[in-house]
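Me: I'd like to learn how to read a structure like this one, feature by feature. Could you walk me through it?

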Amino acid sequence: MTNAEVIEKLKQGNDLYLESVRNPGDISPDIRRKTADSGQHPYAIVIACSDSRVIPEAIFSAGVGDLFVIRVAGNVLDNHQLGSIEYAASHLDANVIVMLGHTRCGAVSAAISGHTEGYVRYITDDIREAIGTETDDYKATALNVKHGVKGIRQAFLEHPEIPSDELDIIGAVYNVDTGKVDWLT
C-alpha cells in the first residue's frame, strides 16, 4: 500500500469503529498462524497513550499484524520510543507514523495542573514543554501531539536507513466520548 492508501485505511477504520460493537479486524487463528510463520508486516506505526480507553487496534478496526503500536502515558517520546519507531520503519517498512493523543488524558491534565511528583513528573514536564500555558484540554492535547510529531520529524530528518521523504508523520486526537479521530494538519 502507498502511504496515502494507509492513511485512508486508518480513516476508514475509524469510521467503521464509530458504529461497531466488536473489532472487525482479523484476529483469527489463521492470521495468528500466518504472522507467527512469516513475521509481522504492519502498515502503520501508532504512538498512543497507555490509557485503557485508547485501543489503537480497535480505534482503527485493525487486526493482528496490522499496526505497530507503541504506548506510553501521555504519548510522549524519549529514546526508547524513537528506537521502536526506528525499528518498525527500517525493518518492517511501516512508513506511516501516527502520533495519537486523546481527550481527557490524565497526563495532560496533570501537566496543566502542575501537581506531579515522582517518575510521573518526567512525563508531565515533557507535556508542559509542549503545551506552555494552555489550559484547554483539547488544545493542550493537540499541542502535545504536534510536539511529538515535530520530535519524530527531527529525529528522522537525516536518518541513514529511513529516507524522510518516505515517511508520513501525522498527528491525531482520539475523542474518548465519541470514538472519533480528528486528524491534525
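Me: Let me start with one side chain: is R32 buried, partly exposed or exposed?

Reply: The model is predicted, so local features need pLDDT of at least 70 and side-chain atom pairs count only at pLDDT 80 or more, while totals for chains, interfaces and linings use all residues. Residues are numbered from 1 along each chain as its sequence is written, and side-chain values use heavy atoms, with hydrogens and water left out. As for the terms, buried means under 20% relative accessible area, exposed means over 50%, and partly exposed lies in between (1.4 Å probe, protein chains only). R32 has 43% relative accessibility, so R32 counts as partly exposed.

Me: Where is R32 found, and with which residues is R32 in contact, leaving aside neighbours within four places in sequence?

Reply: R32 sits in helix α2. Helices here are DSSP runs (H or I, at least four residues), strands are too (E, at least two), and both are numbered from the N terminus. Contact means heavy atoms within 4.5 Å. With neighbours within four places set aside, R32 touches I27 and V64. V64 is 32 residues from R32 in sequence, yet their C-alpha atoms are 6.7 Å apart in space.

Me: How many salt bridges does a search of the whole structure find?

Reply: First, the idea: a salt bridge is a side-chain nitrogen of Lys or Arg within 4 Å of a carboxyl oxygen of Asp or Glu. The search finds 4. One of them joins D30 and R33, with the closest N and O atoms 2.9 Å apart.

Me: Why are D30 and R33 separated by about one helical turn?

Reply: An α-helix has 3.6 residues a turn, so residues three or four places apart point the same way. D30 and R33 are separated by about one turn because they are 3 residues apart in α2 (residues 29-38). D30 is exposed at 55% relative accessible area, and R33 is partly exposed at 47%. R128 is partly exposed at 26%, as is D125 at 35%.

Me: Which parts of the chain does the pair R104 and D177 link?

Reply: The side chains of R104 and D177 meet in a salt bridge at 3.0 Å, N to O. This pair links distant parts of the chain, 73 residues apart: R104 is in the loop between β3 (96-102) and α5 (106-113), and D177 is in the loop between β4 (168-174) and β5 (181-184). Both residues are exposed.

Me: Back to α6: which of its residues are buried?

Reply: Those are I123, T124, I127, A130 and I131. To see how they are arranged, look down the axis and take the arc of the directions from the helix axis to the C-beta atoms. The buried residues of α6 fall within an arc of 110°, so they line one face of the helix. Turned away from that side are the exposed residues Y122 and E129.

Me: What covers the buried residues of α6?

Reply: The cover includes α5 and α7 (137-155).
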